[in-house]
Amino acid sequence: MLDKINRKLTGTILLVIYFAAVAYLCFGHFENVPEVSKFIFGIPADKIAHFLMFFPMPFLFWFAYGEISKKPWHSMVFCFIAFIVSCAIAGSTEIGQSFTSYRSCDPLDFKADCIAILICSIITLIIDQTTHLYTKCSKN
């Protein structure tokens with residue numbers, strides 16, 4: 001019981017820190033930052049940054065609020081909800097940026113965010129089910 005509470009508390013703290021970092025990266029002023037390469041392996045650097053920024057979100061939701069599911073469909077429902085909520089947050093950041101004078105709304109940024117969220121949601125589903133199978137086998 002205490003372990004479950006510690007996991008949820010730690011997960012919630014990590015999620016809050018993560019959201020603060022994402023908000024800073026999405027809405028901060030970075031005019032004085034040195035110019036970096038515009039492309040990495042032929043992919044626009046800002047799309048890679050968006051991918052990396054939103055990639056951990058579904059896993060952090062699972063770590064904070066999920067439980068190791070006994071039934072695969074519970075995992076699927078949780079990961080689907082985490083995917084939808086994460087995409088809504090990503091979309092909200094893009095819409096929010098359109099209201100600033102120093103940022104812009106880019107549908108391709110949102111696409112990069114959603115691809116990252118989808119991949120992490122699938123990985124989180126696999127982790128959940130693998131963890132369930134491992135704990136089930138270790139009890140026997």
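This is a predicted model: local features need pLDDT of at least 70, side-chain atom pairs count only at pLDDT 80 or more; totals for chains, interfaces and linings use all residues.
Residues are numbered from 1 along each chain as its sequence is written, and side-chain values use heavy atoms, with hydrogens and water left out.

**Overall architecture**

- The protein chain contains five helices and two strands; helices (H or I, at least four residues) and strands (E, at least two) are DSSP runs, numbered from the N terminus.
- Read from the N terminus, the order of elements is α-β-β-α-α-α-α.
- The C-alpha trace of the protein chain spans about 60 × 30 × 25 Å along its principal axes.
- The protein chain has 140 residues, of which 30% count as buried; buried means under 20% relative accessible area, exposed over 50%, and partly exposed in between (1.4 Å probe, protein chains only).

**Helix H4 and its surface**

- Buried residues in H4 include Ser75, Cys79, Ala82, Ser86 and Cys87.
- Further along H4, Ala90, Gly91, Thr93, Glu94 and Gln97 are also buried.
- Trp73 is found in helix H4 and counts as exposed, at 51% relative accessibility.
- The C-alpha atom of Trp73 is separated by 10.0 Å from that of Leu125, a residue 52 positions away along the chain.
- Phe80 also belongs to helix H4, and with a relative accessibility of 52% Phe80 counts as exposed.
- A nonpolar patch on the surface is formed by Trp73, Val77, Phe80, Ile81, Ile84 and Val85, which together have about 580 Å² of accessible area.
- Patches are made of residues with over 30% relative accessible area and no salt bridge, with like charges joined within 9 Å and nonpolar side chains (Val, Leu, Ile, Met, Phe, Trp, Tyr) within 5 Å.
- Accessible areas come from the Shrake-Rupley method with a 1.4 Å probe, and for residues only the protein chains shown count as cover.

**Salt bridges around Lys47**

- Three salt bridges are found in a search of the whole structure; a salt bridge is a side-chain nitrogen of Lys or Arg within 4 Å of a carboxyl oxygen of Asp or Glu.
- Asp46, Lys47, Asp106 and Asp109 are linked in a network of such bridges.
- Lys47 meets Asp46 in a salt bridge with an N to O distance of 2.8 Å; Asp46 counts as partly exposed, at 36% relative accessibility, whereas Lys47 counts as buried, at 12%.
- Lys47 also forms a salt bridge with Asp106, the closest N and O atoms being 2.7 Å apart. Lys47 lies in helix H2 (residues 45–54) and Asp106 in the loop between H4 and helix H5 (107–139), so this pair ties together parts that are 59 residues apart in sequence. Asp106 counts as partly exposed, at 21% relative accessibility.
- Asp109 forms a salt bridge with Lys47, with the closest N and O atoms 2.6 Å apart. Asp109 lies in helix H5 and Lys47 in helix H2, so the pair ties together parts that are 62 residues apart in sequence. Both Asp109 and Lys47 are buried.

**Aromatic rings**

- The structure holds six aromatic pairs. The rings of Tyr18 and Phe19 have centres 5.8 Å apart and planes at 50°, so this pair is tilted.
- Rings of Phe, Tyr and Trp (its six-membered ring) pair if their centres lie within 6.5 Å; planes under 30 degrees apart count as stacked, over 60 as edge-to-face and the rest as tilted.
- Tyr18 is buried, with a relative accessible area of 11%, whereas Phe19 is partly exposed, with 29%.
- Tyr18, Phe19 and Phe61 are linked into a cluster by ring pairs.
- The charged end of Arg7 sits over the ring of Trp62, 4.6 Å from its centre; a charge sits over a ring if NZ of Lys or CZ of Arg is within 6 Å of the ring centre and within 35 degrees of the ring normal.

**The loop at Phe41**

- Phe41 is found in the loop between strand S1 (39–40) and strand S2 (43–44).
- Phi of Phe41 is near 55°, a positive value in a residue other than glycine.
- Phe41 counts as exposed, at 82% relative accessibility.
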